[in-house]
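Please look over the fold below.

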Amino acid sequence: MQSPEKKTLPISFEEPRRDKFSSSGMSFKGVFAAVSYMASAVLLVIFNKAALSSYSFPNANVITLLQMLSSCFILYVMKYCKIISFCTDKSKSKHDSLLTLVSPRRLVQTIPLAFTYLLYMLATMESVRNINVPMYTTLRRTTILFTMIMEYFLSGQKHSVAIISSVGIILLGAIIAGIRDLSFDAYGYGLVFTANICTATYLALIARTGKSSGLNTFGLMWSNGIICIPFLLFWTTIKGELRAMLSFPHLYSLDFQVVLCFSCLLAFLINYFVFLNTTVNSALTHTICGNMKDLFTILLGWLIFVGLPFDW
């Protein structure tokens with residue numbers, strides 16, 4: 001007699017049904033997804049900033065590597081325990097490699113997405129170190145413009161005049177907020193805009209890659225790690241960052257280790273909650289949540305790290 005299969009978390013790239021939400025507003029699951037996304041996003045920026053600035057950890061790429069290794073470890077344990085699946089169609093996952101948990105064909109299909117994700121992670125991590133949190137958040141608001149441009153070139157999607165006008169208002173607000181920044185850093189600003197371009201490309205590719213490869217969010221996260229970790233490990237090795245990490249004075253400090261562990265955990269959570277919030281609620285709700293979490297990020301960053309003169 002065969003033992004019953006354990007339940008897996010159903011993750012699909014298909015548009016969820018929202019009929020039952022239309023008359024009663026946002027469901028409990030929708031509220032949970034929105035709040036979880038905002039909380040994880042705010043805390044990730046704070047903990048990354050704490051590790052890179054407060055403790056003066058010099059190796060941002062090492063933190064990115066540790067985040068990817070931690071995510072793959074968590075995914076492997078969850079997949080091994082049959083808590084999650086990596087495919088939208090469970091029957092297809094039987095033919096996947098036991099070593100990688102995803103077939104080589106599917107890994108090849110996710111290469112463009114993985115490299116875009118790697119560049120996004122590296123640029124974001126480095127920009128957080130070189131710019132204060134309020135200005136970082138202000139410049140990140142321009143991501144929506146890059147997203148619209150990438151959607152047009154990759155899928156030919158056009159937007160209405162109302163949407164374009166709304167984007168213009170957001171960009172105008174970002175310019176007003178940052179025009180008096182007294183800590184101007186051309187290198188830091190360039191990193192933020194690079195991160196914006198990578199983010200826009202990543203968002204434009206993720207749905208297409210998921211549909212073409214048959215992988216769900218967990219499968220894409222696993223593929224990103226499997227592809228990116230060897231390159232990132234090689235890069236941090238030749239730059240001497242791994243060796244430099246061993247001589248970091250706070251490496252064995254319990255406080256620093258706690259900050260690093262939370263950074264790795266939050267990096268895993270935010271990747272999942274971005275997808276969950278967008279599918280359970282809507283893209284518009286996710287955008288509103290993004291603006292709301294930026295308000296908390298600015299306030300917390302201002303209070304904890306300072307770094308920006310007050311100006312009405």
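## Basis

This is a predicted model: local features need pLDDT of at least 70, side-chain atom pairs count only at pLDDT 80 or more, and totals for chains, interfaces and linings use all residues. Residues are numbered from 1 along each chain as its sequence is written, and side-chain values use heavy atoms, with hydrogens and water left out.

## Nonpolar cores

A nonpolar core is a set of buried Ala, Val, Leu, Ile, Met, Phe, Trp, Tyr and Cys residues joined through side-chain atoms within 4.5 Å. Buried means under 20% relative accessible area (1.4 Å probe, protein chains only). The largest core holds 43 residues. Y37, M68, L75, F86, F218 and W222 have the most contacts inside it. At least two residues each come from α2 (28-54), α3 (60-80), α5 (111-130), α9 (186-213), α10 (217-238) and α12 (254-280). Helices here are DSSP runs (H or I, at least four residues), numbered from the N terminus.

A second, separate core has 14 residues, including A50, F57, A60 and V259.

The 21 residues of α3 should span 30 Å at 1.5 Å a residue, and its end C-alpha atoms are 30 Å apart, so the two agree. The expected span is 1.5 Å times one less than the number of residues. Buried positions in α3 include A60, N61, V62, M68, C72 and L75. K82 follows the helix, with a positive phi near 60 degrees.

α3 and α10 pack at about 145 degrees, axes 9 Å apart. Axes are lines fitted to C-alpha atoms, for helices over the stretch in contact; angles run from 0 to 180 degrees between N-to-C directions. In this contact (heavy atoms within 4.5 Å), the α3 side includes V62, L65, M68 and L75, and the α10 side includes F218, W222, I229 and T236. The contact residues divide into 16 nonpolar, 4 polar and no charged. Ala, Val, Leu, Ile, Met, Phe, Trp, Tyr, Cys and Pro count as nonpolar, Asp, Glu, Lys and Arg as charged, and the others, Gly among them, as polar.

## Helices α2 and α5

The axes of α2 and α5 come within 9 Å and cross at roughly 65 degrees. V45, N48, K49, L52 and S53 in α2 meet M125, V128 and R129 in α5. This contact has 4 nonpolar, 2 polar and 2 charged residues.

## The E241 site

E241 lies in α11 (residues 241-246). Is E241 buried or exposed? Its relative accessibility is 8%, so E241 counts as buried. Beyond its neighbours within four places in sequence, E241 contacts N59, N61, V62 and T236.

Notes
Buried means under 20% relative accessible area, exposed over 50%, partly exposed in between (1.4 Å probe, protein chains only).
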